[in-house]
Amino acid sequence: MTSRRTTQTMKPATAAKKLGVYLDATPAEFREGVVSRDQLNALQADPPAWLRELRRNGPHPRQVVAAKLGISIGGLARAGISDPLTTEQIDTLRADGPEWLRRERATQAEARKEAARAKAKNADPRRPPS
């Protein structure tokens, strides 16, 4: 008896998230179909022009915007930014350095320090397990 391998597929929204692009900016044929694991791997290995352009100039989804600004997605929400931004808009925000961005970066830095401290504490071999 031979096992038949089924092709894994995903919704375009899932594939766009894995590719780090804003779904509504992708071509219609990408948005309207399903994406197989093999297709996703091919897009990651050898991105077509539209994917390279989206990654370079946007519009970018929230998780990419937050990462490029060095803040959390929650920080974007607190700042009232819910729409995708282009690379140019992100660069402008970085250059202008508004107060909310400085505050959110400081919050993110504190969160990273606390996470590192907690990780180091949990990694201490002398500490008994909780």
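Modeller: A salt bridge is counted here when a side-chain nitrogen of Lys or Arg lies within 4 Å of a carboxyl oxygen of Asp or Glu. This is a predicted model, in which local features need pLDDT of at least 70 and side-chain atom pairs count only at pLDDT 80 or more, while totals for chains, interfaces and linings use all residues. Residues are numbered from 1 along each chain as its sequence is written, and side-chain values use heavy atoms, with hydrogens and water left out.

Biologist: How many salt bridges does this rule give?

Modeller: The count comes to seven salt bridges.

Biologist: Which residues are linked in a network of salt bridges?

Modeller: Glu99, Arg102 and Arg103 form such a network. Glu99 pairs with Arg102 at 3.0 Å between the closest N and O atoms, and with Arg103 at 4.0 Å. Helices are DSSP runs of H or I with at least four residues, numbered from the N terminus. Within helix 8, Arg102 is three residues from Glu99, which means a separation of about one helical turn, and Arg103, four residues from Glu99, is likewise about one helical turn away.

Biologist: Where in the chain do Arg78 and Glu104 lie?

Modeller: Their side chains meet in a salt bridge, with 2.8 Å from N to O. This pair links distant parts of the chain, 26 residues apart, with Arg78 in helix 6 (residues 73-78) and Glu104 in helix 8 (residues 99-123).

Biologist: Is Glu104 buried or exposed?

Modeller: Burial is read from relative accessible area, with buried under 20%, exposed over 50% and partly exposed in between (1.4 Å probe, protein chains only). Glu104, at 7%, counts as buried, whereas Arg78, at 56%, is exposed.

Technical notes
Helix = DSSP H or I, 4+ residues; strand = E, 2+ residues; numbered from the N terminus.
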